[in-house]
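Here are my notes on the model you passed along.

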Amino acid sequence: MTDEGVSTATAAPGLDSWSGVLHRGLGWVGRWPGLVAVIPNDSAHDMAAEQLLRQLGAGATADEARAAISAAALRGELRAAAYIAQPGDPSTLVGFACGVTEVIADGQVLINGTSPLQEVALGTPEQLTVRAANLAAAARAVSPYDLRQGVVPGAGITLAPVGTAIVADPSTAGTGSVPPGGPVQTGPQGPPPGPAAQTPPPEAPTPTPLGPPAGGGPNPPLPLGPPSGVPIQAPLGPPAGVPTPAPPEVGPFVAVLLGPAPASPSAPAAPLPTLNPTVAEPPAAPSGPLGHPAPSHRIPTPDLPINADDVVVEGILCSRHHFNNPIASYCMVCGISMVHLTHNLVPGPRPTLGFIVFDNGSTYGLDRSYVVGREPGQIGEANVAPLAIHDDNETLSRRHAEIRLVGWDVHIVDLGSTNGTFVWDVSFERWNQIAPNTPVLLSPGDTVALGRRTFVFESVTRL
Amino acid sequence: MNGIADYEFVHLLGEGSHGSFWLARCPARLGRTDAYVAVKTFAHRADEGDFQRLVAELQRYVSVGSPQLAQLYDVGLQNDTLYYASEYFADGSLAQPARPFTRASVLAAITDAALAAHALHEAGIAHRSIKPGNVYIDGDRAKLGDIGLLQVLNPGQTITGLDHIGSIEYLAPELIQGQPASRATDVWALAATMHRVLTARSVYPDIPQGSLLQALRYLVSERPVLNDRLRDEERTVIEQALAVDPAARPATALEFAQIVGAIAQRLAQAEPA
Ligand SMILES: [Zn+2]
């Protein structure tokens, strides 16, 4: 990344004047005058890749980098690497690929891991891509970052003259369907793109990927206007052109600088409680007045600790003292059978009753009640939270319905909404509208529609 | 998006339904020497109240001051978009390491993440979002970042959306059920992270694919199945930390850190330098 000592690869017109748009994925993309290289990350953590990157990071020239990459590949030390180079003569472009990488010119894969390990002339293409060939996320140029020089994380790069649009790559069959907001990698190799890929495109007619339960699945009852679809991130901008030298215009914003260690004026917060029973017990039994050990007060079923804002319900304890719904046959915490226990009802803080899963995958725990709507606002009641739902078509009222916990039960209450609240009737395969301001008991697995949005109620009570 | 506030974005680092991470140039306003910072923007349409709650939550985080926690620099609101800026780790995370790792250094990174979690717990904060992508490589150590802020913006929400499906293996069953986050839920996440990084496999190898609802039903009723690639002492601590009963897990993240740290040390001594 020095300008001095660059012999044959000095900023020739052509490649070096092209913009380079990155592809996301595991690995590294490097660009020097006369060279762009991609070294995909290898889950086997190949030591050679690290050595090579160190070498390149230390200011190697393009020729040295090129020689180092091809030599490491030929020696078999580098499992995968690819590059495009313009050695000297601006009219000559060569490419190299080994392992699961490929070099693509104007949509044609010219070199891939099955090609002989040697440089190949690339002709005079209008667009060039060098990338990892096995990564769905690497298939597309999505980043608005125009890499001109340096080494950055990524799995590929597409080069084109400044100002030309990057043409969607025709050779990405099978991988090109991954949306730009595709799966976030969660492991060294990442999960398969399956689940995310099943999210319907925004123009899909029925946006219910989770949908109601089996049996064909009902659609929400209000086909008003165009469907809302799945909330989409702001689309990524087109590939940026030349980086603007002037700072971008900054609109108004508010910000608070977070100091490294500001003196906290408030008293330090209490630590989170520990659950381990050995910690919860007092350290030692206090002695009695005459030096005799105090009598043990171990109670077989200790009272459950109840805080001021807990909702108290009566339940049963499993043999390990987990608090459960009296109708449960198995403990919701440890799964142990409670069938043969004598069911003494004890008061305790109400545990979670389950969870609700919306059509877009958004999930909420039923440890509290919710007021659901377009803009439910703040709720002044303890144990009731606002649950704001995105709804492009305004089929939801501002405060549409309440999911209300009553004892061990979950109720749905329509709050006088404009378009109504519906519960799917499994037996008759139809939506039943519920009367406003009248609580309706939900059973596990019930699907509820509010406007065009649906959710499923799941119980954690094990019957 | 090309930027927010006075941040100029250079590269998208990752995204989900909750928001996006960007590599951005560090504005002079921050008074930092960093060339780049990581900026998180939230998809949530926020108002002034959300901003105030986020500021309060992040100030609590910053005041913990653990060396194993990623540093936060700035939090802001532009139009209805919240953002915060934190230090950027060029070496990547345990999910996307930019360079190779030995098993011992992976375990040392998990140890650092557990120490960071413990520091948060002692200050009364649960992290809620420990996973490989949030354990950042910093030289030969690691830092825990990206504290879970769902509860601040959407109280009660446990999963943001379908693209969260790749992260549900890190959610303790009781968390999915709706119980509050705790030391025990973070200890679960640490163990699931350790399992994923050591084996490249989920602790739920047979989880139904394609339907979040089916996956969640599976998670609250089935037990993790540990991969054969684990060594015995690794398996023992992961098994304990993934106990279905939260009280049967290591009582603190510190306890977990000490066990894993000891394994890392033994391994480092056994591995050739
Ligand atoms: Zn139990």
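1. Let's start with a pair of helices in chain B: α2(B) goes past α8(B) in a left-handed crossing. On the α2(B) side, the contact uses Arg103(B), Ala104(B), Leu107(B), Ala108(B), Ile110(B), Thr111(B), Ala114(B), Leu115(B), Ala117(B), His118(B) and His121(B). The α8(B) side brings Ala253(B), Leu254(B), Phe256(B), Ala257(B), Val260(B), Gly261(B), Ile263(B), Ala264(B), Leu267(B) and Ala268(B). Sorted by class, that contact has 16 nonpolar, four polar and one charged residues. Keep in mind that this is a predicted model.

2. Now the geometry of that pair. Helix α2 of chain B covers residues 103-122 and helix α8 of chain B covers residues 253-270; their axes come within 8 Å and cross at roughly 160 degrees. Angles over 145 degrees count as roughly antiparallel, and α2(B) and α8(B) are therefore roughly antiparallel to each other.

3. α8(B) has another partner to look at, helix α7 of chain B (residues 232-241): the two axes come within 10 Å and cross at roughly 170 degrees. So α7(B) is roughly antiparallel to α8(B) as well. Here too the crossing, α7(B) past α8(B), is left-handed.

4. Which residues make the contact between α7(B) and α8(B)? From α7(B) they are Glu233(B), Glu234(B), Val237(B) and Ala241(B), and from α8(B) Phe256(B), Ile259(B), Val260(B), Ile263(B), Arg266(B) and Leu267(B). The class count for this one is seven nonpolar, no polar and three charged residues. Phe256(B), listed here, also turns up in the contact with α2(B).

5. Stepping back to chain B as a whole, you'll find eight helices and nine strands. Of its 273 residues, 64% are buried. Taking contacts in chain B with a separation of 6 or more, 61% are between residues 24 or more positions apart. The accessible surface comes to about 9200 Å², and carbon and sulfur atoms account for 49% of that.

6. Last, a residue from the other chain. Where is Phe253(A) found? In the loop of chain A between α3 (194-197) and β13 (254-257). Setting aside neighbours within four places in sequence, Phe253(A) is in contact with Ala5(B), Asp6(B), Arg29(B), Leu77(B), Gln78(B) and Tyr83(B).

Methods:
Residues numbered from 1 in each chain as written. Chains lettered and ligands numbered in written order. Predicted model: local features only at pLDDT ≥ 70, side-chain atom pairs only at ≥ 80, totals over all residues. Heavy atoms only, no water. Axes fitted to C-alpha atoms, helices over the stretch in contact; angles between N-to-C directions. Helix = DSSP H or I, 4+ residues; strand = E, 2+ residues; numbered from the N terminus. Parallel < 35°, antiparallel > 145°, perpendicular 65-115°, else oblique. Left-handed = near helix turned anticlockwise from the far one by under 90°. Contact = heavy atoms within 4.5 Å. Nonpolar A, V, L, I, M, F, W, Y, C, P; charged D, E, K, R; others polar. Buried < 20%, exposed > 50% of the residue type's maximum accessible area, 1.4 Å probe, protein only. Areas by Shrake-Rupley, 256 points an atom, 1.4 Å probe, with all protein chains shown as cover.
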